[in-house]
Amino acid sequence: MGVVEDAWTWLTTGANWSGDGGAAHRLGEHLYVSGVALAVACAIALPLALYLGHIGRGGALAVNISNVGRAIPVFAVLALFMMTPLRNSGYLPTIIALVLFAVPPLLTNAYVGMREVDRSVLEAARGMGMSGGQVFVRVELPLAYPMIMTGLRSAAVQVVATASIAAMVGLGGLGRIITAGFNTYDTAQVFAGAVLVALLALVVEGVLVALDRLLSPLRRRAVRTP
Amino acid sequence: MAEQNCLVTNDWICGEYLRSRSQELADATVQHIWITVASVLIGLVVAFPLALLARRGRYFAGPVLGLTTVLYTVPSLAMFSLLLPLFGLSAALVVTGLVLYSLTILVRNILAGLEAVPQEAKEAAEGMGYGPGRLLWEVELPLALPALMAGLRIATVSTVALTTVGSLVGKGGLGNLIEDALPSFFKAQVLTASVLCVLLAVAADLLLLGLQRLLTPWTRTAGPAVAKTEAG
């Protein structure tokens with residue numbers, strides 16, 4: 001197919017990567033807004049979800065917030081931000097939108113992970129004389145870890161996807177390569193940009209899967225006691 | 001006169017906008033609905049055999065679940081753009097992209113539903129002389145229906161929201177109105193289209209919930225079914 005070859009030519013042309021609107025700059029923007037947003041979302045969602053899960057309250061909130069998040073179009077939120085003075089504040093509108101869409105998967109998964117810890121295990125831990133804090137750190141957190149990481153993964157994928165849609169309202173990120181290609185009827189550039197965005201999402205997912213395996217508390221224990 | 005001013009002063013909420021552009025709003029909503037319905041229905045038709053295939057064993061389940069998960073990871077903007085050489089600027093492009101997204105949720109939920117069918121129910125049906133086809137249609141499928149409907153609701157709500165991205169190729173239903181309003185900062189149009197989009201998602205969800213209650217009357221006696229949300 002001609003388009004694939006043309007897109008490959010686009011990707012391997014150095015001039016397309018350099019400069020202010022070049023692919024390298026767009027990739028940097030994309031990674032910057034995604035990283036900041038994911039960190040902020042984790043800082044907001046994880047303590048809240050872990051606390052609510054620990055005390056066993058707020059289940060309805062945790063479940064409903066992910067349903068609401070699904071129903072709201074990313075494009076609409078970004079467009080609404082562009083109608084406000086926020087549009088003049090650089091990467092801020094993108095970051096706020098990304099945080100809004102990263103919080104639901106983080107919150108819901110961490111909460112469900114905490115609540116799905118076997119009740120009898122918790123009772124046994126308390127029976128052994130563990131305090132609330134000890135139960136949280138030594139029992140609940142390690143057992144909830146897989147779900148917390150699942151939430152982190154879906155949040156990261158969501159963030160990378162949302163950051164690309166920011167281009168549709170004229171904000172920065174890798175998506176700009178695609179929208180610029182649409183504006184100039186350059187199908188090769190659209191395809192090349194799409195390949196970059198898709199690859200980035202898959203790499204992020206892959207890195208997080210590897211990180212998940214590497215950091216798993218249950219894996220470490222298995223290694224320590226052969 | 002006072003009402004017309006809201007178009008001039010670019011208010012967020014504008015009655016005159018609703019009146020003068022009602023036809024445009026209706027057309028966009030209709031496009032939004034048919035793109036969503038077509039995508040979810042085609043998604044269901046494709047997901048069902050895939051789930052049956054995945055059920056046949058690990059050799060099939062691995063590739064089927066792996067492929068649909070990879071598809072789900074691809075951002076919507078990239079997905080639509082990757083399909084551009086195949087479909088051009090058409091509604092078929094948007095529908096295809098949305099179908100590919102819905103597959104992940106639908107296949108997983110149908111599979112989970114089929115696997116949760118009690119072994120005794122299957123054995124009883126087999127003992128009564130049910131063949132594999134009849135077993136599937138008359139025993140397994142009805143019992144898998146709650147999980148299937150839960151997946152269908154999630155897929156539909158996500159699809160309603162994702163359809164807006166179709167405005168990239170001019171086929172995004174209400175998303176087209178949002179896109180058109182961007183250059184002139186037309187607040188009323190962006191807000192109205194966004195609100196309609198969310199309302200559409202909520203209406204679709206409630207409609208499917210009603211359908212689920214209608215199709216599975218036996219679940220009502222055991223108290224309200226708790227919709228299990230997809231974690232992935």
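Reply: Buried means under 20% relative accessible area, exposed means over 50%, and partly exposed is in between. Keep in mind that this is a predicted model.

Me: OK. Is B:Arg153 buried or exposed, then?

Reply: B:Arg153 counts as buried, because its relative accessibility is 14%.

Me: Which side chain does B:Arg153 meet in a salt bridge?

Reply: B:Asp205, with N to O at 2.9 Å. B:Arg153 sits in helix H9 of chain B and B:Asp205 in helix H11 of chain B, so the pair ties together parts 52 residues apart in sequence. B:Asp205 has a relative accessible area of 22%, so it is partly exposed.

Me: Over in chain A, what does A:Arg153 form a salt bridge with?

Reply: A:Glu205, where the closest N and O atoms are 3.6 Å apart, and A:Asp212, where they are 3.9 Å apart. Salt bridges that share partners join A:Arg153, A:Glu205 and A:Asp212 into one network.

Me: And which of those residues are buried?

Reply: A:Glu205 counts as buried at 17% relative accessibility, and A:Asp212 is buried at 19%. A:Arg153 is at 22%, so it counts as partly exposed.

Me: How many salt bridges are there over all chains?

Reply: Eight by this rule.

Me: What is in the contact, then?

Reply: There are 41 residues from chain B and 42 residues from chain A. The two chains bury about 3300 Å² between them, with 82% of it on carbon and sulfur atoms. Elements giving two or more residues to chain B's side include helix H4 (58-73), helix H9 (132-163) and helix H11 (187-215) of chain B. H11(B) gives the most, with seven residues. The residues on that side divide into 28 nonpolar, ten polar and three charged.

Me: Switching to H4(B). Which of its residues are buried?

Reply: B:Ala61, B:Val64, B:Thr68, B:Leu71 and B:Thr73.

Me: What covers them?

Reply: The cover includes helix H7 (132-165) and helix H9 (187-215) of chain A, together with helix H3 (22-55), H5 and helix H7 (91-115) of chain B.

Me: What span should H4(B) have?

Reply: At 1.5 Å a residue, the 16 residues of H4(B) should span 22 Å, and the end C-alpha atoms are 22 Å apart, which agrees.

Methods
Residues are numbered from 1 along each chain as its sequence is written. Chains are lettered from A and ligands numbered from 1 in the order in which they are written. This is a predicted model: local features need pLDDT of at least 70, side-chain atom pairs count only at pLDDT 80 or more; totals for chains, interfaces and linings use all residues. Side-chain values use heavy atoms; hydrogens and water are left out. Contact means heavy atoms within 4.5 Å. Buried area is the accessible area (1.4 Å probe) that two parts lose on being put together, summed over both. Helices (H or I, at least four residues) and strands (E, at least two) are DSSP runs, numbered from the N terminus. Ala, Val, Leu, Ile, Met, Phe, Trp, Tyr, Cys and Pro count as nonpolar, Asp, Glu, Lys and Arg as charged, and the others, Gly among them, as polar. The expected span of a helix is 1.5 Å times one less than its number of residues. Buried means under 20% relative accessible area, exposed over 50%, partly exposed in between (1.4 Å probe, protein chains only). A salt bridge is a side-chain nitrogen of Lys or Arg within 4 Å of a carboxyl oxygen of Asp or Glu.
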